[in-house]
Amino acid sequence: AVSKSSASRATSSSPPPQQPQKVEKVEVTGSSIKRVADEGALPLQVITREELITRYLDAGAGGLMVPHIEHAEAARELVRAVRYAKPLDWASKLVIAMIESETALGNLDEILMVDGIDVFFVGPGDLSNSMGMPGQMFHPVVRDRVFDACRQIQAAGGIAGTLVNRGNVGEYKAAGFRLLYE
């Protein structure tokens with residue numbers, strides 16, 4: 001706490017107050033993961049920071065969705081992190097690389113060559129942003145890029161996933177997407 005008197009002594013050269021760091025509530029997520037697993041479903045966790053991979057896998061996550069995989073090296077690092085975290089049972093964990101930008105699509109051939117990625121999830125929300133069409137994740141131009149990526153993933157023998165809604169789930173399923181997220 002800062003008193004009025006000490007606040008009045010602050011000068012313009014004082015450093016700005018530090019923002020509190022976001023603390024991941026892995027213990028809360030761990031109980032949610034357990035509830036999902038107890039219901040017979042595979043608990044997945046979206047991971048936004050690599051250092052959390054071990055923590056979520058230790059909490060019982062059956063799989064990880066990792067955003068912003070832009071190039072093959074990022075995909076290899078993801079696989080290495082999962083195998084390091086779970087050296088005895090990494091093969092039982094579902095590893096999903098989220099392909100979410102024009103850059104990632106440009107590098108998709110190389111990303112697809114990385115062994116250990118189970119699903120390549122094409123994220124139309126961030127992709128639409130990278131295409132200069134924010135918020136238009138189902139726009140025909142974005143949709144075409146998503147479907148092109150699906151064909152590329154399938155041609156390489158991979159499994160494609162993407163975001164859907166109730167109105168387009170049949171179309172995306174027919175196109176070959178096997179992991180559909182609503």
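Trainee: Which residue does Glu-171 meet in a salt bridge?

Mentor: A salt bridge is a side-chain nitrogen of Lys or Arg within 4 Å of a carboxyl oxygen of Asp or Glu. In this predicted model, the side chain of Glu-171 has such a partner, with N to O at 2.7 Å. The pair links distant parts of the chain, 28 residues apart: Glu-171 sits in helix α9 (residues 169–175), its partner in helix α8. The partner is Arg-143.

Trainee: Is Arg-143 buried or partly exposed?

Mentor: Buried means under 20% relative accessible area, exposed over 50%, and partly exposed in between (1.4 Å probe, protein chains only). Glu-171 has 37% relative accessibility, so that residue counts as partly exposed. Arg-143 has 24%, so the call is partly exposed.

Trainee: What ground rules apply to numbering, confidence and atoms?

Mentor: Residues are numbered from 1 along each chain as its sequence is written, and side-chain values use heavy atoms, leaving out hydrogens and water. The model is predicted: local features need pLDDT of at least 70, side-chain atom pairs count only at pLDDT 80 or more, and totals for chains, interfaces and linings use all residues.

Trainee: Where does the salt-bridge partner of Glu-102 lie?

Mentor: The side chain of Glu-102 meets Arg-145 in a salt bridge, 2.7 Å from N to O. Helices (H or I, at least four residues) and strands (E, at least two) are DSSP runs, numbered from the N terminus. Glu-102 is in helix α5 (residues 102–106), and the pair is 43 residues apart. Arg-145 lies in helix α8 (residues 140–155).

Trainee: How many residues apart are Asp-148 and Arg-151?

Mentor: These two form a salt bridge, with the closest N and O atoms 2.3 Å apart. Both lie in helix α8, about one turn of the helix from each other. Asp-148 is at 36% relative accessibility, so this residue is partly exposed. The spacing is three residues.

Trainee: How many salt bridges does the rule give?

Mentor: Side chains of opposite charge can pair when their charged atoms come close. Here some join into a network, linking Glu-73, Arg-76, Glu-77 and Arg-80. The count comes to ten.

Trainee: On to the strands. Which residue of β3 stands opposite Val-66?

Mentor: Two strands pair if DSSP finds at least two bridges between them. β2 (residues 63–66) and β3 (residues 94–99) pair in the parallel sense over four bridges. Opposite Val-66 stands Ala-97.

Trainee: Are the side chains of strand β2 buried or exposed?

Mentor: Take the faces in turn. Gly-63 and Met-65 are on one side, Leu-64 and Val-66 on the other. Both faces are covered, and all four residues are buried.

Trainee: Which helix makes a β-α-β unit with β2 and β3?

Mentor: A crossover is right-handed if, with the strands pointing away from the viewer, the path from the first strand over the helix to the second runs clockwise. One such right-handed unit has β1, helix α3 (residues 53–58) and β2. Another runs from β2 to β3, and its helix is α4 (residues 72–85).

Trainee: Which residue of β5 is the bridge partner of Val-122?

Mentor: Four bridges join β3 to β4 in parallel. β4 also pairs in the parallel sense with β5 (residues 160–163), over three bridges. On β4 (residues 119–122), Val-122 points the same way as Phe-120, and both are buried. The partner of Val-122 is Thr-162.

Trainee: Where does His-68 lie?

Mentor: Its phi is near 60°, a positive value in a residue other than glycine. At 45% relative accessibility, His-68 counts as partly exposed. The location is the loop between β2 and α4.
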